[in-house]
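Here are a few exercises to work through with the viewer open. Try each task before you read its solution.

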Amino acid sequence: MTLFWKGEEQLAGFRNFDKLYDTRMIERGDLVYPLLTELQDFSNFKYKFEGKTYSLDDYIANHRVTGLLIIKNNRIVAERYSLGNTATSRWVSYSVSKAVTSMLVGAAIQDGYIKSVDDKVSDYVRHLKGTSYDDVSIRNLMQMASGVEWNEDYADPKSDLNMMPTTSMLEMIKFVSTKKRVAKPGEKFNYNTAETNLVGAVVRSAIGNNLATYLTDKIWTPFGMETDATWLLHGPGGGEWGGCCINATLRDYGRIGL
């Protein structure tokens, strides 16, 4: 399980996610959105924690930060890499991918594939009909407020997150569909990666295409990302993980922020 990687295994794995697992390409276009560089001197930047004073370099070293990018007014004012990463390194994102999946919901609404975030998720993912997700809206999923039980304890190998099937989207959907309702939809927030996986399944069903292809066409190429990226799949030829695992360079993560 990737969440239990440590040390050198973690560094090598996060930097080579798309070599270890099945992924789908997200393609850059011919034009690149420019990021001007006006690096600032952070040597005098200090902060205090528990009575001790630290520098920016201390923070990077102490927390094993592989990359730090600060963009202000469309200009890069700080860019640091360490532990083997460079500006061309792809690095796996976990929950940043959730934000990208939500952006694709917006694109699908604009393109007319999805009428509204208030549509029922079971109208798009038929395997959820008759389950605890039957009356849950796309909005509820995006806000992680379906009211369906879920345990996202990363450290517990027996948690729902770590027991969730990972190599088949259909098996993942079947797994979440067995969960019980513990609150009304929209009432209670409960962090749930599986629910953004379901958002991804909704988008794929609505557009009749893959998330990576749609991301290429709607955002990656037209906005001007600098480098090809990849997206983790539920097994060979399967659907993308809506809740995880886009692999991209740090500068392109910065462009996502913009």
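Buried means under 20% relative accessible area, exposed over 50%, and partly exposed in between (1.4 Å probe, protein chains only). The model is predicted, so local features need pLDDT of at least 70 and side-chain atom pairs count only at pLDDT 80 or more, while totals for chains, interfaces and linings use all residues. Residues are numbered from 1 along each chain as its sequence is written, and side-chain values use heavy atoms, with hydrogens and water left out.

**Exercise 1.** Which parts of the chain does the salt bridge between Asp 160 and Lys 179 tie together?

*Solution.* First, the distance: the closest N and O atoms of Asp 160 and Lys 179 are 2.8 Å apart. Asp 160 belongs to helix α6 (residues 160-163) and Lys 179 to the loop between α7 (169-177) and α8 (193-207), so their pair links parts 19 residues apart in sequence. Both Asp 160 and Lys 179 are buried.

Now try the pair Arg 204 and Glu 240, whose salt bridge spans 3.5 Å, N to O. Arg 204 sits in helix α8 and Glu 240 in the loop between β8 and β9, so parts 36 residues apart in sequence are tied together. The structure holds 13 salt bridges.

**Exercise 2.** Trace how strand β6 pairs with β5 and with β2.

*Solution.* Two strands pair if DSSP finds at least two bridges between them. Begin with β5 (residues 67-72), which pairs with β6 in the antiparallel sense over six bridges. In their hairpin, two residues stand between the strands, and Asn 73 takes a positive phi near 55°. Then turn to β2 (residues 36-37), which runs parallel to β6 (residues 75-81) and is joined to it by two bridges. Ile 76 is the bridge partner of Ile 71, and Ile 76 is also the bridge partner of Thr 37.

Note on methods: Helices (H or I, at least four residues) and strands (E, at least two) are DSSP runs, numbered from the N terminus. A salt bridge is a side-chain nitrogen of Lys or Arg within 4 Å of a carboxyl oxygen of Asp or Glu.
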